[in-house]
Amino acid sequence: MKNYIFDLYGTLINIHTDEEKAELWEKMAEYYNDFGTHYTKDSLKWRYHEMCKEEADRLGGDYPEIRLDRVFLRLLKEGGGQSDMDDYEWCLIVARYFRAMSRDQLIVYPGAIELLKELKRREKRIYLLSNAQTCFTLDEMLKCKLSSYFQAIYISSDYGIKKPDPNFMKMLLENERIKVSESVMVGNDLTTDIKVAADVKMKSLFINSYDHSKEVLQKEAECLGDYHDYETFNSIEEVYESIKKNVDQ
């Protein structure tokens, strides 16, 4: 294969976030109120979720992907707050603060960087196709020292759609002028990563990084129909070992 298209979270990066914890919304309310709003943790959390739904409804489609930076700015303006900073700069700061407060784990999976280095050594082209938010994902990729390995990065919030919408994958294929027959999708979710590969008839590698049971995987695989053109691995490290041994890949 000439082209490797990777998912990010759960595939290359092991991350855990909790957006329900009270401390997050207490800190966020304090942050907003420093700019002139009068939110409580409960009112801010409620309005945040309402705005996310409104943004998704506005986009429409089966798999819309909103931009959280717009939600963060709407919360400031609606709450009567203001900032001397440029709107983009303020949104970027508050988005990263929100993510840092909700995140309690951010590490690269063992074998991930080794795999990317091996593919680079073999002069393969490496792409990212991720359901994520640009306002904090690019920063997390920098923290994990992953950014430099990719020919191009496609993050769903930039396009208003997300996996498994096949149009998201088609954008990458058309923009980068690469062939399905020369490409493989690597991801950890059968219902999104492998499904989007199935819908464009691309080979894929599935990583069971969350150690789902056979029964769970069988249930999730129902969405794939008669598509079986994927291999299953227990970790990205296993993918690395497999590719390292196979000189033809």
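**Figure 1. The open sheet comprises six strands in the order 5-4-1-6-7-8, with parallel pairing.** From one strand to the next, the twist averages 20 degrees. Strands are DSSP runs of E with at least two residues and helices are runs of H or I with at least four, both numbered from the N terminus; two strands pair if DSSP finds at least two bridges between them. The model is predicted: local features need pLDDT of at least 70, side-chain atom pairs count only at pLDDT 80 or more, and totals for chains, interfaces and linings use all residues. Residues are numbered from 1 along each chain as its sequence is written, and side-chain values use heavy atoms, with hydrogens and water left out.

**Figure 2. Strand 1 and strand 6 run parallel and are joined by four bridges.** The bridge partner of Y4 in strand 6 is V184. Helix 6 (residues 134-143) packs on the sheet and touches strand 4 (125-130) and strand 5 (contact: heavy atoms within 4.5 Å). The direction of helix 6 makes about 140 degrees with that of strand 5 (axes are lines fitted to C-alpha atoms, for helices over the stretch in contact, and angles run from 0 to 180 degrees between N-to-C directions). Helix 8 (residues 190-199) also packs on the sheet, touching strands 4, 6, 7 and 8, and its direction makes about 165 degrees with that of strand 7.

**Figure 3. Helix 10 (residues 236-245) has buried residues I236, V239, Y240 and I243.** Buried means under 20% relative accessible area, exposed over 50% and partly exposed in between, with a 1.4 Å probe and protein chains only. The cover of these buried residues includes strand 1 (3-6), helix 5 (112-121) and strand 7 (203-207).

**Figure 4. The structure holds 14 aromatic pairs.** Rings of Phe, Tyr and Trp (its six-membered ring) pair if their centres lie within 6.5 Å; planes under 30 degrees apart count as stacked, over 60 as edge-to-face and the rest as tilted. W25 and F98 form an edge-to-face pair, 5.7 Å centre to centre with 65 degrees between the planes. W25 lies in helix 1 (residues 22-33) and F98 in helix 4 (residues 87-102), so the pair ties together parts that are 73 residues apart in sequence. Both W25 and F98 are buried.

**Figure 5. Ring pairs link Y31, Y32, F35, Y39, W90 and Y97 into a cluster.** Y31 is buried, with a relative accessible area of 16%, and W90 counts as buried at 1%.
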